[in-house]
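Here are my notes for you to read with the model open beside them. Take the points one at a time and find each spot as you go.

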Amino acid sequence: MLYALLAAIPFLTALVLMVGFKFSSGKSLIISLCITVLLVLTVWKMDLHTVFAYFIYGALKSLDLLLIISGAILLLNTLKQTGIMQVINEGFRKITPDPRIQAIIIAYMFGAFIEGAAGYGTPAALAAPLLVGLGFPPVAACSVALISNSTPVPFAAVGTPTLTNMTNLSSAVADQLGIPLDQFTAEVTHKTVLYLGLAGFIVPILLVVTLVMFYSTGRRVKSVVEMIPFCLLASCSFVIPYYFLGTYLGPEFASIISACIGMVVTVMAARKKIFVPKHVWYFYDIEHDEVIMPKEIFGSVSRRKLLKAWLPYLVIAAALLLTRIPAFGLRAWLNSMAIHVENILGVEGLNYDFALIYNPGLTPFIIVAIGTMLLNRRNLSKEDVEHVFGATGKQVLTIAMALVSGIAMVQIMLGSGLNHSGLEGMITQISTTIVASIGRAFPFIVPPLGVFGAFVSGSCTVSGVMFGPLEFQTAMILGFPAASMIALQMAGGAIGNMICIHNVVAVSSTTEAVGNEGKIISMNILPCAIYVVLVLAVYLIFG
């Protein structure tokens, strides 16, 4: 128990500093990193050489996310400078002026599509800036983008988290269950879409509640209740296809196709005023004691102009599908050109692969951003282009230290099992202590473990890799269905995206909300907890 508490200190420090003392993520994570290094050197007795190797490994891994963020920010700044973002915003306002419905269409539906195609923090980094352009306060945009980025996550990047975790468990499935891995994958996928899907009916309502509770002074209950019919329509249009696609076709297209169906349904419903409240809700600026009215639209936006404005996003969507779906052959080819670093500083098995061309930050974000500049070069001066790249560089530098510190901290903790103290690694200490304390109530701790794994690692995939084998073995010992336990883990890892440090840092950087990471996490903790409770309720009912 003592070592588990010591191992948890870096995480608790980061959380307390960001949420309790309003420290920036950069300062908080640097302090947590220093504490981690001190603990592994003095208590876990790791070699300084090994600690440095894992620090380098973490710094290298942060390049993936930094490139995605750089691409997303460059694209956003390009669209702003060329005036394209203004056209897109006017198009959304013509669909509906109500921020509650805009959040559902953009954060929930558009975000789910990007998650299904790309993943890796991309959806929030794209959806949140769009919302800010529509007049959302940056913190509100970040919050709803992250809350939305939950249900589709296990099937991100054409099912990568689920398929990766199944591969990680392949030997255990063969040895202990004696069934084909494909069969176990199908069982896990079915349970995952069941748990996340049924419980996920609440997500659009959570978006509305979050906006109304934090950005209204009066009429709060009515502003939520009148939106429930539209929220349920949105939920049904996404969750029902999500369940059937996952159950009968597998993990690859559950999120992508469901999001496409959901976007068509919700946009048509908003245009036709189906279940759309007569009362239009607006943000309330408490600091200045005034309602934030959307910018007035002058003139009309033609369909041709709107289509041209959306062309960069259409190209991005097409590129993501072409490069992420194995059947097209581009995925393997792009990954084959990865930079490979083996046994960093001589640490056996500490290998790093950087698929530069496959990274969505380059392909397609940066490529599309540069292409957009070239297509609009008549409207861009040399100073405009320099401003775009200069502003992007400043924004990325602001968050680089936080990301490098956070990811390096986690990697050092994951590698802390290589020590001279005889102790298990820090993450293992925490998880095994929790499991030992729970016993037969183990299923109730699996989703929170998944949330915890995503919170500290920034990835549903990594969360499953960390805790999946432990949960599989525990399920076998206690006699619980292994597929159900792994599905609960996948659900928890997905829900953890709402509050995970890396995603919060990434999305705040794209919306100029840097310094408000603690506020974003505090806003999203309750929706995260509610979703976990509902997932467990579905598990109790359906097993």
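1. Which residues in H11 meet which residues in H24? Bear in mind that you're looking at a predicted model. On the H11 side, find Val203, Leu206, Thr210 and Phe214. Their partners in H24 are Met523, Pro527, Ile530 and Tyr531. Sorted by class, the residues of this contact come out as seven nonpolar, one polar and no charged.

2. Now for how that pair is arranged. Two packed helices are described by the angle between their axes and the distance between the axes. For helix H11 (residues 203–214) and helix H24 (residues 517–542), the axes come within 11 Å and cross at roughly 150°. Angles over 145 degrees count as roughly antiparallel, so H11 is roughly antiparallel to H24. The crossing of H11 past H24 is right-handed.

3. H3 brings Leu65, Ile69, Ile73 and Leu76 to the contact, while H23 brings His502, Ala506, Ser509 and Thr510. The class tally for H3 with H23 is five nonpolar, three polar and no charged residues.

4. In soluble globular proteins, nonpolar side chains tend to be buried together. Here the largest nonpolar core has 175 residues. Helix H3 (residues 48–82) supplies the largest share of this core, with 15 residues. The residues with the most contacts inside the core are Ile104, Phe184, Tyr313, Ile495 and Val535.

5. Let's zoom in on one of those, Tyr313. What does Tyr313 touch, not counting residues up to four places away in sequence? The list is Leu75, Leu79, Met85, Ile88, Phe110, Leu126 and Leu130.

6. While you're there, look at Val315, which lies in helix H15 (residues 303–324). Is Val315 buried, exposed or partly exposed? Its relative accessibility is 39%, so Val315 counts as partly exposed.

7. Most residues other than glycine have a negative phi, and most peptide bonds are trans. Lys45 is not a glycine, yet its phi is positive, at about 55°. You'll find Lys45 in the loop between helix H2 (25–42) and H3. With a relative accessible area of 44%, Lys45 is partly exposed.

8. Leu345 is another non-glycine residue with a positive phi, in this case about 50°. Look for Leu345 in the loop between strand S3 (339–341) and strand S4 (352–354). At 38% relative accessibility, Leu345 counts as partly exposed.

9. Last stop: which two residues does a cis peptide bond join? They are Thr363 and Pro364, and omega for that bond is about 25°. As for where this sits, Pro364 lies in helix H17 (residues 361–375).

Technical notes: Residues numbered from 1 in each chain as written. Predicted model: local features only at pLDDT ≥ 70, side-chain atom pairs only at ≥ 80, totals over all residues. Heavy atoms only, no water. Axes fitted to C-alpha atoms, helices over the stretch in contact; angles between N-to-C directions. Helix = DSSP H or I, 4+ residues; strand = E, 2+ residues; numbered from the N terminus. Parallel < 35°, antiparallel > 145°, perpendicular 65-115°, else oblique. Left-handed = near helix turned anticlockwise from the far one by under 90°. Contact = heavy atoms within 4.5 Å. Nonpolar A, V, L, I, M, F, W, Y, C, P; charged D, E, K, R; others polar. Buried < 20%, exposed > 50% of the residue type's maximum accessible area, 1.4 Å probe, protein only. Core = buried A, V, L, I, M, F, W, Y, C linked by side-chain atoms within 4.5 Å.
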